[in-house]
Amino acid sequence: MGHNRHVIVAGRVARMMAAAARAAGYMPLVIDSFGDVDTLKIAADHKTLRYVGEQIDFLHFEQQLAHFASHHAEALPLCWTSGWEASAHVLCALATRWPILGSHPRALFRLADPKFARDMPQQEFLPNGDAVQTAASLIKTRAASGGHHVRYRKDEIFLSAAEFFQPYVHGVSLSNVCFANETAVHVLGWNQHVALQESPAAPFRQSGAVAIEAPEVSPKLRPFLQVLAKNLGLAGVFGCDFIQLEDGGLKLVDVNPRPTASAPLHVPLEKLFTLHANPRVFGAPEIDRGDVLFTGTAVIYAEVPIVIPKTLHWPSWVSDIPRCDEAIQAGQPICTIWADQWPAAAAKEQLRERQYKLLALVSK
């Protein structure tokens, strides 16, 4: 793809990849749920993503695509982001008519099957008994994202068809950002997760992450990631969530077959989109840490119902900015904040300071 071409970026939150596309010289046509202030500034055109329950409204989405297609003569590639986990069938249908960037959407179907891990080597990286409830188990919902649906098992024995048990693994929550093409998988960076706002009602909801040095076991993980990418059909930029045990070992708990919110902590925006859109062109990407702007990020949630003030001056370290006068209910996301301090301890402290400043600003 050449510069100044249009690309469709679609998902519940699409600002990050729209910004990456713009930084790489593309014109993003965005379909997302919020239409945040900074997303609208980035987008060459914007349409609203509509849901029916947890699933994307297929007919409405096709209407939005048809609108873009009628205004642009070139073939429009589609970059999918978050919020598609329960709508993999929609993406698979679209893949027959639209060029899809990154991983093939069938990866979402394979991940929704708890048996996908049975063909994986190096079982030490996988929790044991993936579908068997234990005294210390989590209950997860297939094809869900963001962590809002994850809860601790109490006395449940039977679950709905969409739910499954996963053994609770005690340790430190980590994630990585990876790049995959047809020949190799490369780990671009590692994060430690940070819970800035504890929520008893949603203890595993998406919160924050800070960049860290790679754990010692990271080099041993590469053959595992190679098979994982092949089995799932991963391509471009994706991420994995792990629990680090007391002995330093890692257990895989989730795979995100798309660029994750922490990707800008390790890859400059312009290179992020280029890598994701053209994985076959690139081998091992060379990333200069000095070119990366951020070291930490976090989603900030409303602790009480608020209305965004009309005269609010948003700090430069905020993104996904809501519109003025927008009503946000308690527990809903307000925006994303970013840190630029290093090492991880300094980034965590900066995120906490900025969290307090942000909540004070929106409460005036």
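The exercises below, each with a worked solution, concern one predicted protein model.

Residues are numbered from 1 along each chain as its sequence is written, and side-chain values use heavy atoms, with hydrogens and water left out. Because the model is predicted, local features need pLDDT of at least 70 and side-chain atom pairs count only at pLDDT 80 or more, whereas totals for chains, interfaces and linings use all residues.

**Exercise 1. Describe the chain as a whole.**

Begin with the secondary structure: the protein chain has 8 helices and 20 strands, where helices (H or I, at least four residues) and strands (E, at least two) are DSSP runs numbered from the N terminus. Next take burial: of the 364 residues, 52% count as buried, a word that stands for under 20% relative accessible area, with exposed meaning over 50% and partly exposed in between (1.4 Å probe, protein chains only). Finally, among contacts with a separation of 6 or more, residues 24 or more positions apart account for 60%, a contact being heavy atoms within 4.5 Å.

**Exercise 2. Determine how helices α1 and α7 are arranged, and which residues make their contact.**

The two helices span residues 15-23 and 269-277 respectively, and their axes come within 7 Å and cross at roughly 95°; axes are lines fitted to C-alpha atoms, for helices over the stretch in contact, and angles run from 0 to 180 degrees between N-to-C directions. Angles under 35 degrees count as roughly parallel, over 145 as roughly antiparallel, 65 to 115 as roughly perpendicular and the rest as oblique, and α1 and α7 are therefore roughly perpendicular to each other. On the α1 side the contact is made by Met16, Met17, Ala19, Ala20, Ala21 and Ala23, and on the α7 side by Leu269, Glu270, Leu272, Phe273 and His276. Sorted by class, this contact has 9 nonpolar, 1 polar and 1 charged residues, with Ala, Val, Leu, Ile, Met, Phe, Trp, Tyr, Cys and Pro counted as nonpolar, Asp, Glu, Lys and Arg as charged, and the others, Gly among them, as polar.

**Exercise 3. Is leucine 221 buried or exposed, and with which residues is it in contact?**

Leucine 221 is found in helix α6, and at 0% relative accessibility it counts as buried. Leaving aside neighbours within four places in sequence, leucine 221 is in contact with Phe125, Asn176, Trp190, Phe242 and Leu250. For leucine 250, which is 29 residues away along the chain, the C-alpha separation from leucine 221 is 8.8 Å.

**Exercise 4. Locate the cis peptide bond and give its omega.**

The bond joins tryptophan 342 and proline 343, with omega about 10°. Proline 343 has its place in the loop between β20 (333-339) and α8 (344-362).
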